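Have the structure open while you read.

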Amino acid sequence: MLKKENPKTRSEMAGNSGGGGGGAGTATPGAKRGRPFASASSTHSEHAMPSTLLGPSLQVHSTFQDQNHKRIVLALQSGLKSEMIWALNTLTLLSFKEKDEIRRDTTPLAKIPGLLDALLQVIDDWRDMACPKDTWRPSRYRALGTNSVVTGFGSAYEAAGLKDSLSRLSSETGLSNSEGPVSTGPKRRATEWWFEEDGLFNVDEEGRAERQQCAVAASNIIRNFSFMPENETIMAQHRHCLETLFQCIQDYITEDEELVTNALETIVNLAPLLDLRIFSSSKTSYIKITEKSAVQAIVGMLGLPVKAWHCAAAELIGRLIINPDNEPFLLPCAPKIYKRLVDLLGFPVVDSQAGAVAALYNLAEVNADCRSKIAHERWAIERLLRIIRAPHPMPEVCRKASLILESLASEPQNRGALLAFENAFSEILFSDTRSSDSFARILFELTSRSNNKVAMARGIWGM
């Protein structure tokens with residue numbers, strides 16, 4: 001289960017650890033999962049792999065001057081490779097905090113106007129070009145690179161001069177400076193470059209990989225910011241931020257795994273303050289995300305076999321359901337959620353069990369209908385008892401599992417399902433001192449009610 005108290009960066013920030021120098025003599029890092037190039041062991045990947053971009057090569061003093069805040073935002077907005085790398089490295093160092101570190105000079109996002117939007121723009125720029133070439137997309141206006149001669153991303157189409165640019169345009173359109181028009185296929189006007197996926201301002205495969213690294217770095221910075229309490233309210237009320245994060249987890253199949261993980265963990269950190277109604281509010285919308293699609297994305301992550309993803313999704317559901325305003329959007333998917341959470345209880349991984357117990361603990365407190373459905377979910381009670389008997393390495397998980405059973409026992413319609421485990425309850429009552437109080441109350445609820453004839457015959461646990 002993800003812990004909010006121990007943020008750690010996982011993006012490719014360690015590629016240039018040798019200091020300020022970056023080029024010759026630096027070992028090429030191995031290919032990361034989800035990267036658009038092949039493994040580093042192949043000969044082809046040595047040419048396709050971009051040079052090392054991001055790493056702690058820039059040492060930033062803890063008291064970074066306020067006058068540089070504006071420069072960071074402008075560097076991110078410029079779209080220039082060198083400026084963006086400087087800004088991302090700087091923000092990575094400023095946003096990273098060790099566990100239990102007390103930093104007095106933490107700068108809230110509110111004091112740096114436009115920073116969050118600039119970071120989101122880095123992710124949006126990557127997602128704008130992330131669609132594979134073999135996937136058809138309708139033509140649309142391309143503004144990437146407008147008013148920029150050379151951005152620095154990629155190397156195949158570098159504009160070394162006007163002659164080179166004209167020669168490339170001539171070769172692609174079938175025009176020759178010496179021979180005049182030569183027809184090699186359908187003629188295209190120069191303006192058509194703006195409407196093509198391989199247009200004038202698009203980048204090659206190396207540039208796409210570099211853009212992807214920048215997007216992952218930006219998502220990691222946003223994740224680090226979400227661990228700071230002074231930023232939570234700003235980010236939880238920022239519709240563009242939430243839309244971008246939910247879109248990343250929606251596209252988990254094609255998107256970079258590290259980017260998806262960063263987005264999911266950011267949402268988990270913001271969940272206690274998150275109101276899903278923001279997606280239908282009057283705030284400006286940049287990406288079409290609704291409350292229903294957001295919940296479906298979370299449920300989709302819950303059903304995946306990746307431990308980090310389904311654990312985070314379970315914790316996210318448990319935190320979102322605390323807000324009564326989110327109940328109308330989560331409860332329609334409750335049957336799928338209950339079934340998957342009970343499945344996670346049976347996993348041998350302790351983190352998966354802990355995430356499922358945390359979510360069920362909050363879901364059982366919503367209403368009687370939730371408690372009834374959880375109690376009658378197959379294997380639910382048996383697996384909760386197994387976690388308590390094991391016991392789970394985390395005492396808090398065992399305590400919550402006991403409280404879930406106690407909450408289920410408070411509903412009269414659940415007594416039949418729970419009485420089948422009466423012997424197990426009595427065994428834990430006498431053998432486990434940590435849970436004895438909870439199971440004493442459970443047995444009292446099951447056997448001392450006058451309207452249950454079976455319970456009256458067995459009623460030996462009166463208090």
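Let's start in helix α15 (residues 368-375): aspartate 369 and lysine 373 are four residues apart there, so about one helical turn separates them. (Helices are DSSP runs of H or I with at least four residues, strands are E runs of at least two, and both are numbered from the N terminus.) The two form a salt bridge, with the closest N and O atoms 3.3 Å apart; the term means a side-chain nitrogen of Lys or Arg within 4 Å of a carboxyl oxygen of Asp or Glu. Both ends are partly exposed: aspartate 369 has 43% relative accessibility, and lysine 373 has 38%. Partly exposed sits between buried, under 20% relative accessible area, and exposed, over 50% (1.4 Å probe, protein chains only).

Before going further, a word on the source: this is a predicted model, where local features need pLDDT of at least 70 and side-chain atom pairs count only at pLDDT 80 or more, while totals for chains, interfaces and linings use all residues. Residues are numbered from 1 along each chain as its sequence is written, and side-chain values use heavy atoms, with hydrogens and water left out.

How many salt bridges does the structure hold? There are 17. Here are three of them:

| Pair | Closest N and O atoms |
|---|---|
| Aspartate 369 and lysine 373 | 3.3 Å |
| Aspartate 343 and lysine 339 | 3.8 Å |
| Arginine 277 and aspartate 325 | 2.9 Å |

Aspartate 343 and lysine 339 also sit four residues apart, in helix α13 (residues 334-345), with about one helical turn between them. Aspartate 343 is partly exposed at 28% relative accessibility.

The arginine 277 pair is a link between loops. Arginine 277 lies in the loop between α9 (257-270) and α10 (291-302), and aspartate 325 in the loop between α11 (307-320) and α12 (327-330), so the bridge ties together parts 48 residues apart in sequence. Arginine 277 is partly exposed, at 40% relative accessible area, and so is aspartate 325, at 32%.

Elsewhere, salt bridges link Arg127, Asp251 and Glu255 in a network.

Now for the helix packing. Helix α19 (residues 422-431) packs against helix α20 (residues 436-447) at about 145 degrees, their axes 8 Å apart. Axes are lines fitted to C-alpha atoms, for helices over the stretch in contact, and angles run from 0 to 180 degrees between N-to-C directions. Residues of α19 including Phe425, Ile428 and Leu429 meet α20 residues, among them Phe439, Ile442 and Leu446; contact means heavy atoms within 4.5 Å.
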